[in-house]
Amino acid sequence: MDTRVTRSWDTRATERARRLSRAQTALGASLDNKRVVAEHATRLLEAVIAPFDRVCLEGNNQKQADFLARSLAAVDAAVVHDLHMVQSVLALPEHLDVFDKGIATRLDFSFSGPQGTRLARLVAQRRIQIGAIHTYLELFGRYFVDLTPHVALVTAHSADRHGNLFTGPNTEDTPVIVEATSFGGGIVVAQVNELVETVPRVDIPGDWVDFVVRAPTPALVEPLFTRDPAQISEIQVLMAMMAIKGIYAEYGVQRLNHGIGFDTAAIELLLPTYGESLGLKGKICKHWALNPHPALIPAIEAGWVESIHSFGSELGMEDYVRARPDVFFTGRDGSLRSNRAFSQAAGHYACDLFIGSTLQVDLAGNSSTATTGRIAGFGGAPNMGADARGRRHGSEAWLKAGREARNGLQGARGTPRGQKLVVQMVETFREHMEPAFVETLDAWELAGQAGLPLPPIMIYGDDVTHVLTEEGIANLLLCRDDGEREQAIRGVAGYTAVGLGRDRKRVAALRERGIIRRPEDLGIDQRDATRNLLAARSIRDLVRASGGLYRPPKRFRNW
Amino acid sequence: MNASYAECTARQRIERLFDADSFHEWLPPAERLTSPHLAQLGVPCAFDDGVAIGRARLDGKVVFVASQEGEFMGGGVGEVHGAKLVGLLRRAARDRPDAVVLLAESGGVRLHEANAGLIGVSEVMRSVLDARASGVPVLVLIGGKNGCFGGMGIVARCTDTVIMSDIGRLGMSGPEVIEASHGVEEFDSRDRALVWQTTGGKHRFLSGDSDVLVDDDVEAFRAAAIAWLGVQRPAILDSLEAEHRLLSERLHGAPPGADAIAFWRQIGIQRAEQVSELDSEALRELRSDAGLNREPS
Amino acid sequence: MSMSNELERLHFEFTGGRPVGPFVPALVGVVGSGNLEVLVEPREDAACTVEVSTSARGFAPIWEAVMEDFRERHPLAGLRVSINDMGATPAVVSLRLDQAVAEIAGPRP
Amino acid sequence: MNWEALAGRLFPESHGIEAHGDLLYGTGSVDGECITVLGTTNHAPIGVGLALNQARIVLDTVARHTGRPILLLIDTKGQQLRRRDELLGINRAMAHLGCCIDLARRRGHRVIGLVYDQALSGGFITSGLIANACHALPDAEIRVMGIPAMARITKISEERLTALSKTSPVFAPGVDNYIAMGGVRSLWTGDLAVALRESLASAPTNDERAADGAARGGRRLAAAVIQRVLDAA
């Protein structure tokens, strides 16, 4: 029986050709091969974008296609409207202006830190329909399934005549966006800071790129991962000591990722001092999936680090990375080659530990940075902070965590396997005495407000293996029921209402069994936790530690 | 690693900079001489009202010392705080120690005590000049995060010797105040490199407003204080005429606008554009090459 | 838990405990935002008193819990503790209290 | 009050005071004795230039007219808020002006300050407040900082500061507060020429403001604290 339909099979190709010729007629002589003059950028977009298209406007963690964002926000809404935006980060006002103007109506994204409040307002006013908030790898995956962009507006450092792109240290999301769009029958437009004869290296081949426009001003790049050691407190030093001795040394963690924050910066700055005093060099922290954190310079220089693969780069670290090719992934031109998709995959499957901070933790261990009135999303944390159930290769840390999680269980849940260490590190009270431990996360209230199908939880309780506060470490792997898990969390929640609500006897019993361990149980005297333990106490110390190779952006230079 | 001066509290600076265990405090915290004006504003007091004063020894010499706590009210001078400084300086004029050493870290007048603070700061200024007139040298050390501003920025330039680290800053109005009144084009207070080029230790040393530039290290501050302890700037007509010539030539000779690098080049500093990269030792060479040095005579 | 414009004053008193012995008053910490200063002085009688003046209002139950744990760690008699606080977290309060007691107990064994 | 009217009432016979931009200078005579007059008008912001111009006049008086009294007429909105002035060291120029006035005082020149309109802290601290004594006209105002700027820095609401500036002597800009706190020696009312003559006759040589503040009840602690430091063991 013949079940074949009669249809033409190359509609995407013909549509793409139609749009390219529309661009040709719209731009005329000013279109030089692939090169578009900046003044005609908006006219180009009106030619190659059609209403209801899926458009991927590169808004990354660090770099932004800001000129193309402005050009898109300037199109005639009668010509281009009802777009479905798919992008990693909503970082710029223009990223939301397109919704204000009706140029776009639907959105799938991953993170919107700076625009979270305005996004929540636009959703409440029904000006934006949110498809879903994803983690990065999830969104990238859908670019190849049901969210393939029709048009991609990306950013790179330079381009040559053929359209070969050099993305420089901040490659970030560009490869995965261009791959999906170009081979999915879409059109790729790139803004660049420079047009050159030959690019230092080819990051994106020219035949995947349709148009290149030199932006009037260099693309915006944000130094997100720079933490000034001068702002690390004694309490954060104490918590870093506990992380190193109570978790990294305990499990022999050699492969890990650090979330952004002063807590993790404190850990990085304690490796060459406190870590050294415990004889841990070579035993922990050899391989990293993280951006070139300036706070890691002293540990690299002291020989702790063998390899780092990065999602993106960090402003000011270019010369240092170039001088340390053994540690970083660099091109023939010597500059960093970052890649968010691959680093996220590495973080999920090839790292034994993720440690990061959060705003709220509840009694089940669920953790979230979602707060009412703001829709922010979580970027890569849900991916990095989840057990990799597909993983099969063993490691000391992974197997030990697996044993602790399954010791004494039977059946399916007791089948021997490993488990990823996911540590939530948080001071019991944040500034203005906001408690980090709560009975109910704000995420529930936000879900109702924004009409989300699920409460936006960053890391689910059953993926969290340890909760670390200034009061101690709660090892949830060893808890065998919800009651134990709740008391273990209350047992490190300090003087918050959740902490004060602890059953003192049960908490004491958990401490006996090693499920809760306080600084003194780890042989740590609180009064040793001073800033003198930090391998660098200021941005300038980091510059010195790098032999002058680290050149911090202006906003960090107080000398 | 060295002991950072900027990291220390006011009391730690005294403990580590002067001869071991030589500090004898007057009006210590237990006497609870706190500000009478803060409670009505819901602001907690400090038992020493933000400044520790007393007698100590520096390389064996008797010195009267004061150290302002930059973290309490930004080191601002209130009624009690100012009176403690005035008392110290008047006692110096009376008892003639070998020198007075002020560890200054202040935004100037403590705005929470506005009028009382303003009168207090002017009394401090008057008592510095009285102490010097009685033959007692007065030195000021500036190396805290908050720098030395407002009325205290003026007091600093009324002393015999100014010693700064490159983290220290010395001026009158903070960048935020200037930005608030004339906009971000006048002064972008977020551009820290610009802020330090305008009032930071390196600029003040190259322009001569600071006599000494040291690293952010308590030992370096101690060594400089010892070297310059006895130095006095006579407050006589000739020296004030010389000061007038210097400031007038600077005003009329300086390039237009407020570009520090152009200013440094104009006063003869080589490699002016690299100044922010260089350490204090290299800066000292640059200044002496330009013939701008004033050695402790 | 508001930062309105009055200071909140709290007082705690404990009896019993071992005499702390003579010592020179000691001050730790600085009244900066998120920080506090703690002054410890000898008392003639055997009580242990704690006076708190804070700009962060409405946290009396937490201060009480912190002081009870401080008492458990350092059951001392003849000790007067005075605190000026500008919104320090309980972790910082406990750390400063321990630092103050360490100051008067002399160098660590 | 504008400066010409003021000059006429201070020196009824004649005076040679002129305004050059915001700078006032010249001479006047009291009972035949010539005195140097200098100061500012138009609520002048004091930049490096204006500070140096005033210092020049004081130095010339000291160099050429030993013992001649100096009258400072003060109307300023404080220091000039420009990055260029900070770069060029406005704090050093202000200190220089203060040191010149201090030198004049030590060499026997009686220096009298008069706040006749407005005085904001930065521009006044090294002129009027360094004189032998500083006086004020009844409707003059002395302020440390404008309330909007003060609210931003102290995080206290403008409403609260405005209320405080009506009730609390520490915040109120009225000169009577400064008199109560000893910052200003007296109010000049009625015949200003007489008030000037009396102030020249009774100019103190050392700094009595803390004592005045205690005696008048506006600043009860300062003098006591100073004394406790002097007496401390």
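This is a predicted model: local features need pLDDT of at least 70, side-chain atom pairs count only at pLDDT 80 or more; totals for chains, interfaces and linings use all residues.
Student: Where in chain A does Arg126(A) lie?

Tutor: Arg126(A) is in the loop that runs between α5 (116-124) and β5 (129-133) of chain A.

Student: What is the phi of Arg126(A)?

Tutor: In general, most residues other than glycine have a negative phi. Arg126(A) has a phi near 60 degrees, a positive value in a residue other than glycine.

Student: Which value does phi take in Asp82(A)?

Tutor: The phi of Asp82(A) is near 55 degrees, again positive in a residue that is not glycine. Asp82(A) sits in the loop between α3 (66-73) and β3 (83-89) of chain A.

Student: How many helices and strands does chain A have?

Tutor: Chain A has 20 helices and 19 strands. The radius of gyration of chain A is 25 Å, close to the 24 Å that the globule rule gives for 559 residues, so chain A is as compact as a globular protein of that length. Along the principal axes, the C-alpha atoms of chain A fill a box of roughly 80 × 60 × 55 Å.

Student: What percentage of the residues in chain A are buried?

Tutor: Of the 559 residues in chain A, 56% are buried. As for contacts in chain A with a separation of 6 or more, 74% are between residues 24 or more positions apart.

Student: Between which chains are the most contacts?

Tutor: Four pairs of chains touch, and the most contacts are between chains B and D. There, 64 residues of chain D are in contact with 69 residues of chain B. Several helices of chain D each supply at least two residues to that side, among them α2 (48-64), α4 (90-106) and α11 (222-231). α4(D) gives the most, with 13 residues. By class, the side of chain D that touches chain B has 38 nonpolar, 13 polar and 13 charged residues.

Student: How far apart are the closest C-alpha atoms of chain A and chain D?

Tutor: The closest C-alpha atoms of chain A and chain D lie 15 Å apart, and no contact joins these chains. Chain C and chain D do not touch either, with their nearest C-alpha atoms 9 Å apart.

Methods. Residues are numbered from 1 along each chain as its sequence is written. Chains are lettered from A and ligands numbered from 1 in the order in which they are written. Two residues are in contact if their C-beta atoms, placed from the backbone, lie within 7 Å. Helices (H or I, at least four residues) and strands (E, at least two) are DSSP runs, numbered from the N terminus. Ala, Val, Leu, Ile, Met, Phe, Trp, Tyr, Cys and Pro count as nonpolar, Asp, Glu, Lys and Arg as charged, and the others, Gly among them, as polar. The radius of gyration is taken over C-alpha atoms; the globule rule is 2.2 Å times the number of residues to the power 0.38. A residue is buried if 20 or more other C-beta atoms lie within 10 Å of its own, exposed if 12 or fewer, and partly exposed in between; C-beta atoms are placed from the backbone.
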